[in-house]
Amino acid sequence: MEIAKEELMKATILESAKGLFQKYGLAKTTMEDIAKSIGKGKSTLYYYFATKEDIFEAVLLQEKASMIAQIQNAIDGEETAKGKLKAFASTIIEAIKKKTGLHKVSLIQTLMLRHVCASLAPLKRNTIILNSI
């Protein structure tokens, strides 16, 4: 039961922080801002995360996982290499358009794309690239 409560608090912190990072950016968002937005003190944040950058990294990891799942679903829905490549590219572009505020922070678009590409199953990625040539 305690684990679920801790996971819920982490999720609450990350969701709130994500919105603040999107609105104000990493540099202008403070730990105090995040704490106020969830109605807690900064000590609560420090219990779960050592720094604001750790929170930001956790937000990015969530976004990365979400994007990978979207891409995988899109690719799995296509049969041809050309269709898979098109689904891959269009899914990334749409995801970035929807999350523009967050991805403006510190050239995150480039980093996210690198993480997503690196995280795709190498066989599928290579098959898509080789079959499209």
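**Burial, salt bridges and core**

Guide: Glu63 and Lys18 are both buried, a term for under 20% relative accessible area, with exposed over 50% and partly exposed in between (1.4 Å probe, protein chains only). This is a predicted model, in which local features need pLDDT of at least 70, side-chain atom pairs count only at pLDDT 80 or more, and totals for chains, interfaces and linings use all residues. Residues are numbered from 1 along each chain as its sequence is written, and side-chain values use heavy atoms, leaving out hydrogens and water.

Visitor: What makes Glu63 and Lys18 a salt bridge?

Guide: The term requires a side-chain nitrogen of Lys or Arg within 4 Å of a carboxyl oxygen of Asp or Glu. The N to O distance here is 2.9 Å, so the pair qualifies. Glu63 lies in helix α4 and Lys18 in helix α1, 45 residues apart; helices are DSSP runs (H or I, at least four residues), numbered from the N terminus.

Visitor: Why is Lys36 called exposed?

Guide: Its relative accessible area is 60%, so Lys36 is exposed. Glu32, at 38% relative accessibility, therefore counts as partly exposed. The side chains of Glu32 and Lys36 also meet in a salt bridge, at 3.4 Å, N to O.

Visitor: How many residues are in the largest nonpolar core, and what makes it a core?

Guide: It has 19 residues, among them Ile13, Phe21 and Phe49. They count as a nonpolar core because they are buried Ala, Val, Leu, Ile, Met, Phe, Trp, Tyr or Cys residues joined through side-chain atoms within 4.5 Å. The largest share, seven residues, comes from α1.

Technical notes:
Helix = DSSP H or I, 4+ residues; strand = E, 2+ residues; numbered from the N terminus.
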